Amino acid sequence: MVSNRQPQAGFSLIEMMVALAVFALAAMALIRLEGAIIRSASSLDRTMMAQIVARNVAVETLTDAQPPVTGVSNGVEDNGGRSWNWQRIAAPLGDQGAVRIDVTVSDTTGTALGRLTVVRPPNRPVAARTVALPGGQQP
């Protein structure tokens with residue numbers, strides 16, 4: 001007796017298990033990648049906020065009417081809902097009155113996240129001007 005049965009089409013159990021293992025490896029790799037991206041985004045956010053604080057401290061120093069006192073200054077700034085510790089080191093640069101300003105910003109754990117160096121040019125003396133009054137009179 002000869003059977004006229006057609007062979008059944010489909011996947012064997014071993015083929016299904018191999019496919020499932022490959023899918024599981026790919027899914028695990030994607031989950032690890034997602035975790036790394038989240039950690040990187042958090043680190044980037046902290047570093048960017050620290051750089052903003054460093055720029056703020058540097059701009060305040062550059063725009064102040066008086067040059068900074070040479071030496072080390074420390075302070076705390078609140079920015080982005082967090083407290084940031086900053087340290088400013090001012091040192092004379094040459095003999096013309098320019099000042100080098102190094103700003104370092106760290107989080108509350110003490111990890112330095114932002115650094116910035118700027119140079120404040122020497123203060124120029126303010127020259128008195130005489131302006132002629134209406135009618136040609138001198139002040």
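## Strand pairing and the sheet

Two strands are taken to pair if DSSP finds at least two bridges between them. In this predicted model, strand β1 and strand β2 (residues 82-93) pair in the antiparallel sense over nine bridges, and within this pairing Gly75 stands opposite Trp86 in β2. Strand β3 (residues 98-106) is in turn joined to strand β4 (residues 112-120) by eight bridges, and these two strands likewise run antiparallel.

Taken together, four strands form an open sheet in the order β1-β2-β3-β4, with antiparallel pairing. Because β1 (71-79) and β4 each have a single partner strand, they stand at the edges of the sheet, and one side of each is left without a neighbour there. Between neighbouring strands of this sheet the average turn is 20 degrees, with direction ignored.

## The helix on the sheet

Helix α1, which spans residues 13-63 and includes Ile14, packs on the sheet and touches β1, β2, β3 and β4. The direction of α1 makes about 25 degrees with that of β4.

## The β3-β4 hairpin

Strands β3 and β4 form a hairpin in which five residues lie between them, and Gly110, located in the turn, has a positive phi of about 95 degrees. Ser106 has Ala112 in β4 as its bridge partner.

When residues up to four places away in sequence are not counted, Gly71 touches Arg88, Ile89 and Ala90. Gly71 and Ala90 are 19 residues apart along the chain, yet their C-alpha atoms are separated by 5.3 Å.

## A nonpolar patch on the surface

Ile14, Val18 and Val22 form a nonpolar patch on the surface, and together these three residues have about 300 Å² of accessible area. Ile14, which lies in helix α1, has a relative accessibility of 62% and therefore counts as exposed, since the cut-off for that class is over 50%.

Definitions and conventions. Residues numbered from 1 in each chain as written. Predicted model: local features only at pLDDT ≥ 70, side-chain atom pairs only at ≥ 80, totals over all residues. Heavy atoms only, no water. Patch = residues over 30% accessible without salt bridge, like charges linked within 9 Å, V, L, I, M, F, W, Y side chains within 5 Å. Areas by Shrake-Rupley, 256 points an atom, 1.4 Å probe, with all protein chains shown as cover. Salt bridge = Lys/Arg side-chain N within 4 Å of Asp/Glu carboxyl O. Buried < 20%, exposed > 50% of the residue type's maximum accessible area, 1.4 Å probe, protein only. Axes fitted to C-alpha atoms, helices over the stretch in contact; angles between N-to-C directions. Contact = heavy atoms within 4.5 Å.
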